[in-house]
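Grab a pencil and work through these exercises with the model open beside you. Try each task before you read its solution.

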Amino acid sequence: MSTETTTQTPSDDRGFLDRLRSSQFLSELLSNRIALTGIVLIAAMVAIALYARLFLDLAPLTDSRLGQGIPDRAPPGWIGPAAADQFLFGTDAAARDIFKRTLYGAWIALKFGTIAVAASTVAGIALGTIAAYYSDVTDNVIMRAMDVLLAFPSLLLALALVSIFGAGIWKATAALILVYTPRFARVVRGAALKVLEDEYIEATEALGAGDPRVLARHVVPNSLAPITVQSTLNFGLAIIDIAALSFLGFGAQAGTPSWGLMLAKGVENGLLTGKWWMSVFPGLFLAVTVLGFNLLGDGMRDALDPRMREAVD
């Protein structure tokens with residue numbers, strides 16, 4: 001009777017954190033100061049959004065406060081007659097606290113931006129992968145439809161759609177999903193075509209793997225690198241477009257603490273009369289959030305393609 005002993009080395013069972021630390025992409029990303037700046041800005045906005053969603057009551061931020069002893073269009077406390085810690089960003093034309101409304105606007109922007117980007121990314125991955133894998137008629141039908149949608153400026157097409165189906169932030173988000181899907185489909189199709197040229201795809205098919213297995217286990221996972229950068233950059237664009245549609249009256253409706261709607265009301269009721277705080281603070285938060293996603297997207301692109309970084313340097 002023999003006794004077998006097995007020796008297990010630490011490298012045989014590396015945990016998730018160990019693999020994460022050894023990731024070249026993550027190392028490149030965290031050593032990129034531009035990407036780190038973007039991560040910090042995004043993390044700050046996410047923290048603000050979660051705080052607003054969990055601890056701020058929405059009713060006082062949407063309903064008019066006129067006639068309740070609160071001054072309308074009052075300046076920020078640190079420059080006005082009120083206490084320095086009162087109305088930190090001032091009040092709007094309905095006597096609502098702009099500071100709290102701006103914080104809650106971060107939740108609305110990130111929530112609907114996430115929905116728009118996530119849904120369009122999933123749809124784009126599905127359409128782009130199917131078009132590349134089945135080619136011929138399927139490819140032509142899908143990509144010509146995507147080309148038709150890409151022929152129109154994104155915001156103009158979204159405006160046309162919400163004009164037809166009606167205003168509202170959910171309808172505006174649905175319109176943006178349709179507008180963004182062709183961008184992801186084209187990127188994924190190009191990446192998938194390169195993957196399909198590899199010999200291991202032919203070997204997998206020769207071993208009897210069906211189409212769903214080939215697509216799910218091999219084509220899609222190896223086509224995701226460029227889509228991560230596209231999704232990050234599109235996140236900032238989605239937040240801007242949602243704000244723009246709300247600014248024009250097609251997105252968030254009256255009373256909603258959306259940055260775009262706050263900018264519109266600030267310009268209408270305050271900016272031309274010297275009440276600058278009604279539009280400056282929502283605009284500043286919008287700019288910082290979009291800047292964070294753009295910086296992170298640039299950093300991710302450099303980490304995935306070091307040759308591009310060297311060329312720029």
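## Exercise 1: Charged pairs

Across the whole structure, a search turns up eight salt bridges, a salt bridge being a side-chain nitrogen of Lys or Arg within 4 Å of a carboxyl oxygen of Asp or Glu. Before you start, note that this is a predicted model, where local features need pLDDT of at least 70 and side-chain atom pairs count only at pLDDT 80 or more, while totals for chains, interfaces and linings use all residues. Residues are numbered from 1 along each chain as its sequence is written, and side-chain values use heavy atoms, leaving out hydrogens and water.

**Task.** Find the salt bridge of Lys-265, and say how exposed Lys-265 and Glu-268 are.

**Solution.** 
1. Start at Lys-265: its partner is Glu-268, and the closest N and O atoms are 3.9 Å apart.
2. Now place the pair. Both residues sit in helix α12 (residues 259–269), three residues apart, about one turn of the helix. Helices here are DSSP runs of H or I with at least four residues (strands are runs of E with at least two), numbered from the N terminus.
3. Check exposure: buried means under 20% relative accessible area, exposed over 50%, and partly exposed in between (1.4 Å probe, protein chains only). Lys-265 has 39% relative accessibility, so it counts as partly exposed. Glu-268 is exposed, because its relative accessible area is 56%.

**Solution.** 
1. Helix α13 (residues 277–304) holds both Asp-298 and Arg-301, three residues apart, about one turn of the helix.
2. Asp-298 comes out at 26% relative accessibility, so it is partly exposed. Arg-301, at 33%, counts as partly exposed too.

## Exercise 2: A threonine in a loop

**Task.** Is Thr-91 buried or exposed, and what does its side chain reach?

**Solution.** 
1. Locate Thr-91 in the loop between α4 (59–62) and α5 (98–134).
2. Its relative accessible area is 0%, so Thr-91 is buried.
3. Follow the side chain of Thr-91: it reaches the backbone nitrogen of Ala-74 at 2.7 Å.
4. Look around it, counting heavy atoms within 4.5 Å as contact. Leaving aside neighbours within four places in sequence, Thr-91 touches several residues, including Arg-96, Trp-277 and Met-278.

## Exercise 3: Aromatic rings

**Task.** How is the pair of Trp-276 and Phe-281 arranged?

**Solution.** 
1. Begin with the total: the whole structure has ten aromatic pairs. Rings of Phe, Tyr and Trp (its six-membered ring) pair if their centres lie within 6.5 Å; planes under 30 degrees apart are stacked, over 60 edge-to-face and the rest tilted.
2. Trp-276 and Phe-281 are tilted, with 5.9 Å centre to centre and 45 degrees between the planes.
3. Trp-276 is partly exposed because its relative accessible area is 32%, whereas Phe-281, at 9%, is buried.
4. Finally, trace the cluster: Trp-276 and Phe-281 belong to one aromatic cluster whose members include Phe-89, Phe-99 and Trp-259.

Definitions and conventions: Polar contact = N/O pair within 3.5 Å; in protein donor to acceptor, adjacent residues only side chain to side chain.
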